[in-house]
Amino acid sequence: MGKPNLSFWQIWNLSFGFLGVQIGYSLQNGNTSRILEALGADVHSIGYFWLAAPLAGLIVQPIIGLSSDKTWTRLGRRIPFILFGAIVSALAMFFMPNAEYFTYLLTPLAFGAVMLLLMDTSFNVTMQPFRALVGDMVNDEQRNLGYSLQSALINFGAVFGSLLPWILVKIGLSNVPAAGEKVAESVIWSFYIGGAILLATVLWTVLRTKEYAPKEHAEYNNIDLNAAEDKPKENIFNLIGNAPKIFWQLGIVQFFSWFALFLMWVYTTRAIANQVWGPAALDAKSVGFNEAGDWTGVMFAFYSGVAALFSLLIPSIAKSIGRKKTYSFSLFMGGLGLISMFVVEDKNMLLLSISGVGLAWAAILAMPYAMLSGSLPAEKMGVYMGLFNATITLPQITAGLLGSTIIVLFGGEPMAIIVIAGISLLIAGLAVFFVKEKVQE
């Protein structure tokens, strides 16, 4: 017996909490470098601080995936992890921009780095079960819709999260730190608001979603619960060794995609500060640098808005031309957009460049999971989704370790790294053609 069709609003509720999680994640992506520079980090070392995020994901997501596969509670098996991660994420968001007030514990920079690690670890605790939840609940016919709708909600959240500091400046909050302080008021309140929305939206999913009970789950996925008790326990290494080929093929695409995204997130603020604002933005506490930080948020919001709209079109486009062509085209557009930033010196024209990233981002959030989930055993969906997260974290770790070397090789010019990120997306687009799906398009 197959899984029943869900209504649009049931699928919406499955992922609604991801809206808030992405608001928090976007605030982190758009403002972490800005906060860390204000706390004392420099452009040559800032990539090392960002390593906290992928390292946390590499360790946490497979553990959470395996644990949620085996956990059955009154709330479900994925939802308890989603709720716990959201609570810890929100607390870390409240503390990080106030790092300077905890000097009795650690230096401001060290405290900020610890909060970044805690924040991203808990984001990972929340995100992985959300993706597995969609895989658990939707049938094959609705899989494209499920992950595309999740991608759309993620990107609507990213638009708001990225724009929030800029919006708060427009309504009167200060865009530069007050005398004797390190972080601007607009950034601090952005993190407060983002954390509160994160909790509210996750609670919506928790209260509005009813996961399948163990017996229903087994029936819908042709699992013999009695036979399962006799199966030998598998460790992570066995699971990796038995992963379907598409796991590794998509992993190559993911490597070059996320290598590019990490470089973009870390270096965009400093890159556009140097290129558009010039000498007026050299000081991390200057008006010019903080304007560049706000504009980075506007750019990230713009590409997220493009991604949100494109996400709604992906199911019909993929049905018409196939998942692979849709995925590859999107990555190519993202790569060309990043490369074009090298010759743009007008901040408004940067929005045109970053729009290509929006197409790539929408596809990155939806297509690999839609392509992979159909090839995974239902009883191991969570752990394999967690292991697949290594294709996100390992390229980010690689980019973090190489970023300072690359920037030195190019004379300390961060815009050169943005171009390298664009080339990496082009390579990812080519790698898509080597992916072989289990079910023919």
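Modeller: Residues are numbered from 1 along each chain as its sequence is written. The model is predicted, with local features needing pLDDT of at least 70 and side-chain atom pairs pLDDT 80 or more, and side-chain values use heavy atoms, leaving out hydrogens and water.

Colleague: At what angle do helix α6 and helix α12 pack?

Modeller: Helix α6 covers residues 143–170 and helix α12 residues 287–321. Helices here are DSSP runs (H or I, at least four residues) numbered from the N terminus, and angles run from 0 to 180 degrees between N-to-C directions of axes fitted to C-alpha atoms over the stretch in contact. The axes are 7 Å apart, and the angle is about 165°.

Colleague: Are α6 and α12 roughly parallel or antiparallel to each other?

Modeller: Angles under 35 degrees count as roughly parallel, over 145 as roughly antiparallel, 65 to 115 as roughly perpendicular and the rest as oblique. With an angle of about 165°, α6 and α12 are therefore roughly antiparallel.

Colleague: Which arrangement do Trp258 and Trp265 form as an aromatic pair?

Modeller: Rings of Phe, Tyr and Trp (its six-membered ring) pair if their centres lie within 6.5 Å; planes under 30 degrees apart count as stacked, over 60 as edge-to-face and the rest as tilted. The structure holds 22 such aromatic pairs. Trp258 and Trp265 lie 5.8 Å centre to centre, with 65° between the planes, and are edge-to-face.

Technical notes: Helix = DSSP H or I, 4+ residues; strand = E, 2+ residues; numbered from the N terminus.
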